[in-house]
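Me: I am new to this structure. Please walk me through how to read its features, one at a time.

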Amino acid sequence: METLFDAVEGGENREERLAELARQVSVCTRCDLSRSRTNTVFGTGDPYSPLMLVGEGPGENEDATGLPFVGRAGKLLDNILAAVNLSREQVYITNIVKCRAAVEENGRLRNRQPRTAEINACNPYLQAQIEAIKPEIILCLGGPAAKTIIDRDFRITRDRGKWYEVMGGIRAMATFHPAYILRQSGEELLRTKRLVWKDIQNVYAEYQRAMERRGA
C-alpha cells in the first residue's frame with residue numbers, strides 16, 4: 001500500500017482526505033475480519049483537534065452502527081471526557097482496527113483482542129489517519145493501542161500515565177481502556193478510576209496548552 005491518498009493527492013482538506021480513507025476502509029479485505037463485519041468503524045470527531053484518542057477495536061454496538069465507542073464503554077468514555085470539560089465533538093476518536101474482532105461461543109459472538117496480523121493489516125489506515133489529522137497529542141486507550149503506537153513492549157500496568165514522543169514529535173500517553181474499567185469492582189475499581197482520572201487530567205492540561213498555542 002504505497003499511498004492511501006491517490007484520489008486526493010495534494011489536497012489539504014482533512015475532511016476530504018479522511019472521507020477517501022474511510023471509503024477505502026469500507027471495502028477493505030486485507031484481513032479476515034472483513035468477512036464477518038456488519039460495518040467498518042472508521043472514526044469520528046473533530047479532524048482539526050490537537051487530541052486523538054485511539055482504542056482497540058469495534059465491539060458489537062460499534063459494528064452495528066459504524067461508530068466508535070457507542071456501547072457501555074463509550075458512555076464511560078463520554079463521562080471521562082466530560083470530567084475535564086471535553087466532549088467527543090472536540091477530539092478525534094478511532095481504533096487500531098476498523099472491524100470487529102470476535103469469536104463464536106455458544107452460538108453468540110464475543111469480542112476478542114485483535115490478532116497481531118489483523119493489527120498489522122489495518123495499521124496503514126491508522127497511520128494515514130494520524131497523517132491527515134496531525135494530532136499533537138494521542139491518548140491510547142488500553143494496551144493494544146499503546147503497543148501499536150508507543151512501543152510493542154508497552155505494558156499498560158507499568159507504563160500508563162507516562163508521556164512518550166512518537167512519530168516525529170507527537171506526545172502520546174496510555175491509560176486503561178473504558179471496557180477494562182467496567183470489568184473492575186471493589187477496591188480495584190476505585191484504584192483504577194483514580195489512575196484514569198490522573199491520566200485524563202494530564203492529557204487535558206496538554207490539550208489546553210496545544211489550544212493556547214493555536215490561539216484558541
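Reply: We start with cavities. A cavity is a set of grid points where a 1.4 Å probe fits but cannot get out. A volume is the space filled by probe spheres set on those points. Keep in mind that this is a predicted model.

Me: How many cavities of 30 Å³ or more does that rule give here?
Reply: The count is two. The largest cavity has a volume of about 120 Å³. It is lined by 15 residues. Closest to its centre are Cys28, Cys31, Arg37, Cys99 and Cys122.

Me: Which element gives the largest share of that lining?
Reply: Helix α4, residues 116-133, with four residues.

Me: And what is the volume of the largest pocket?
Reply: A pocket, unlike a cavity, is an open set of points. The largest pocket holds about 850 Å³ of space. Its lining counts 34 residues, and those closest to the centre are Ala73, Asn111, His177, Ala179 and Arg183.

Me: Which elements give two or more residues to the lining of the largest pocket?
Reply: They are α2 (60-65), α3 (72-82), β5 (108-111), α5 (143-149) and α7 (178-182). Strand β5 gives the most, with four residues.

Me: Now salt bridges. How many does the structure hold?
Reply: A salt bridge needs a side-chain nitrogen of Lys or Arg within 4 Å of a carboxyl oxygen of Asp or Glu. The structure holds 16 of them. Take Arg17 and Glu131: their closest N and O atoms are 3.0 Å apart. Arg17 sits in helix α1 (residues 14-26) and Glu131 in helix α4, so this pair ties together parts 114 residues apart in sequence.

Me: Are those two partners buried or exposed?
Reply: Buried means under 20% relative accessible area, and partly exposed lies between that and 50%. Arg17 has 9%, so it is buried. Glu131 has 44%, so it is partly exposed.

Me: What do the side chains of Arg88 and Asp78 form?
Reply: They meet in a salt bridge, with 3.0 Å from N to O. Arg88 lies in the loop between α3 and β3, while Asp78 is in helix α3, 10 residues apart. Arg88 counts as buried because its relative accessibility is 16%. Asp78 reaches 27%, so it is partly exposed.

Me: Which residue does the side chain of Arg110 meet in a salt bridge?
Reply: Glu105, again at 3.0 Å from N to O. Arg110 is partly exposed because its relative accessibility is 42%. Glu105 is partly exposed too, with a relative accessible area of 38%.

Me: Which residues are linked in a network of salt bridges?
Reply: Arg112, Arg115 and Glu118 are linked that way.

Me: How far from Arg100 is the nearest side chain of opposite charge?
Reply: That side chain belongs to Glu60, and it is 4.6 Å away. Arg100 is buried, yet has no salt bridge.

Me: What does the side chain of Arg100 reach instead?
Reply: Another is the side chain of Asn111, in a polar contact of 2.7 Å. Arg100 itself lies in the loop between β3 (92-95) and β4 (102-105). Setting aside neighbours within four places in sequence, its contacts include Leu33, Ser36, Pro58, Gly59 and Asp63.

Me: Let us end with two single residues. Where does Ile93 lie?
Reply: Ile93 lies in strand β3. Its relative accessibility is 0%, so Ile93 counts as buried. Contact means heavy atoms within 4.5 Å. Not counting residues up to four places away, Ile93 touches Gly43, Thr44, Leu53, Pro68, Phe69, Leu77 and Arg88. Ile93 and Leu139 are 46 residues apart in sequence, and their C-alpha atoms are 9.6 Å apart.

Me: And where is the place of Gly161?
Reply: Gly161 is in the loop between α6 (156-159) and β7 (164-166). Its relative accessible area is 24%, so Gly161 is partly exposed. Beyond four places in sequence, Gly161 touches Met173, Ala174 and Asp199. Thr175 is 14 residues away along the chain, and the two C-alpha atoms are separated by 6.2 Å.

Note on methods. Residues numbered from 1 in each chain as written. Predicted model: local features only at pLDDT ≥ 70, side-chain atom pairs only at ≥ 80, totals over all residues. Heavy atoms only, no water. Buried < 20%, exposed > 50% of the residue type's maximum accessible area, 1.4 Å probe, protein only. Lys, Arg positive; Asp, Glu negative; His and termini not counted. Polar contact = N/O pair within 3.5 Å; in protein donor to acceptor, adjacent residues only side chain to side chain. 1 Å grid on protein atoms, 1.4 Å probe; cavity = no way out; pocket = protein on both sides within 12 Å on 5 of 7 lines; lining within 4 Å.
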